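Let's take a friendly walk through a protein model, one piece at a time. Have the 3D view open and follow along.

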Amino acid sequence: MPRHYVLSAAVLAASIAATGSVGAQSTIKIGMVMPMTGPLAAAGQQVLAGARLYVNQHGETVAGKRIEMIVRDDASSGETGKRLIQELVVNDKVDIIGGSLTADLMPSAPLLTEAQKPTVIMISSTTAVVEKSPFFVRTSCTLAQSSAILADWAVKKGLGKAVTLVTEFAPGLEAEETFTNNYKAAGGEVAEAIRVPLRSPDFAPFLQRVKEAAPQALFVFIPSTQAAAFARQFVERGLDKAGIALIGPGDLTDDESLQNMGDAMLGTVTAHFYSAAHASALNKAFTEAYRKEANMRANFMAVSGYDGMHLIYEALKKTSGETDGKTLVAAMKGMSWESPRGPVSIDRNSGEIVHNIYIRRVEKVDGELRNAEFETFNDVRDPRVAAK
């Protein structure tokens with residue numbers, strides 16, 4: 001081949017490589033590992049719908065960079081989630097991870113730390129997750145935040161004897177431990193601690209044990225995807241008429257599932273960081289846009305995904321599009337904003353979410369069941385993190 005052809009080919013190859021490099025640098029890849037199938041599918045679908053709503057409202061470009069979301073289904077399996085996170089980091093070269101389940105994130109923490117990949121946790125509510133990597137920040141919640149406040153509230157309201165019923169996995173055990181410790185410290189008595197399996201639970205025999213224990217309150221944490229089945233069996237066992245106050249973190253009366261639970265849930269009291277009925281202009285706009293786009297009622301998972309993308313966008317603006325892990329996480333920590341849930345901030349030291357916790361009661365409003373907020377605890381930090 002003549003020399004000038006060889007040189008031309010070399011120049012062309014260099015030009016293509018340079019163009020590809022520029023293209024790669026102008027795109028920021030966000031790997032979203034979510035349970036899109038399996039028993040926790042609804043949670044992943046809701047988070048993703050909230051994240052996509054934010055992108056649709058604010059555009060696919062931030063700080064001059066195009067945002068590309070790469071979605072992977074962990075099928076509600078921690079083992080699958082760990083593998084997918086590794087593939088996104090190693091093969092897809094993502095810049096940011098949109099984090100999912102506790103079971104995905106715990107074993108992936110060493111890899112994400114070594115790779116220095118900022119990870120925004122949008123589902124997991126286990127306190128210990130954030131502590132596993134300096135590159136973890138959270139926009140969901142921790143169950144300890146709501147469980148601690150609800151324990152104190154219950155004793156003050158004269159509900160001095162309780163039974164706890166939780167799903168036997170990390171978030172459920174954390175909810176149980178936090179509620180029990182705070183409840184006893186406030187002078188309450190836990191008559192029995194009941195744990196149910198995560199997959200395909202039959203609540204009936206456990207609810208019979210609750211009825212026999214005759215507590216004043218039943219504290220329940222189950223994944224929001226199982227709330228409707230729980231409500232049905234709660235009624236079938238006659239607990240709705242047994243004079244037992246039903247209380248728990250907000251997963252119990254998930255906004256999206258609530259309408260299908262029936263009037264037996266009226267009066268149920270929960271503590272949570274979000275209600276679709278939260279009274280603010282921002283939340284009204286959010287719930288209307290989410291319903292129009294996702295054809296569902298907005299819930300706490302949706303707002304976690306929405307806020308997760310807000311945190312990513314605002315951090316990228318602060319770094320002028322720089323995705324270096326340490327730089328981007330530093331921009332995220334200490335950030336504060338007004339969310340559809342109310343005021344939100346990210347703890348500067350831990351990366352943990354700080355937000356309001358609302359005491360809510362299920363009421364019927366305009367023919368629909370709603371989580372009506374009636375008491376607010378401002379700027380709540382995770383009690384385990386705050387104690388350190």
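## A threonine in a loop

Start with Thr319, which sits in the loop between helix H12 (300–318) and helix H13 (325–332). Keep in mind that this is a predicted model.

Is Thr319 buried or exposed? Its relative accessible area is 13%, and the cut-off for buried is under 20%, so Thr319 counts as buried. A polar atom of the Thr319 side chain lies 2.9 Å from the backbone oxygen of Glu322. Leaving aside residues up to four places away in sequence, Thr319 also touches Thr327, Leu328 and Ala331.

## A strand covered on both faces

Now find strand E11, residues 269–272. In a regular strand, side chains alternate between the two faces of the sheet. Here, Val269 and Ala271 are on one side, Thr270 and His272 are on the other, and all of them are buried.

Which strands pair with E11? One is E10 (residues 245–249), which runs parallel to E11 and is joined to it by three bridges. In this pairing, Gly248 stands opposite Thr270. Another is E14 (residues 353–365), which pairs with E11 in the antiparallel sense over four bridges.

## Two helices side by side

Next, look at helix H3 (residues 78–90) and helix H4 (residues 102–115), whose axes are 7 Å apart at an angle of about 20 degrees. The contact is made by residues including Gly78, Gly81 and Ile85 of H3, and Ala103, Leu111 and Ala115 of H4. As for handedness, H3 passes H4 in a right-handed crossing.

Methods:
Residues are numbered from 1 along each chain as its sequence is written. This is a predicted model: local features need pLDDT of at least 70, side-chain atom pairs count only at pLDDT 80 or more; totals for chains, interfaces and linings use all residues. Side-chain values use heavy atoms; hydrogens and water are left out. Buried means under 20% relative accessible area, exposed over 50%, partly exposed in between (1.4 Å probe, protein chains only). Two strands pair if DSSP finds at least two bridges between them. A polar contact is a pair of N or O atoms within 3.5 Å; within protein, one must be able to donate a hydrogen and the other to accept it, and residues adjacent in sequence count only if both atoms are side-chain atoms. Contact means heavy atoms within 4.5 Å. Axes are lines fitted to C-alpha atoms, for helices over the stretch in contact, and angles run from 0 to 180 degrees between N-to-C directions. A crossing is left-handed if the near helix is turned anticlockwise from the far one by less than a right angle, and right-handed if clockwise.
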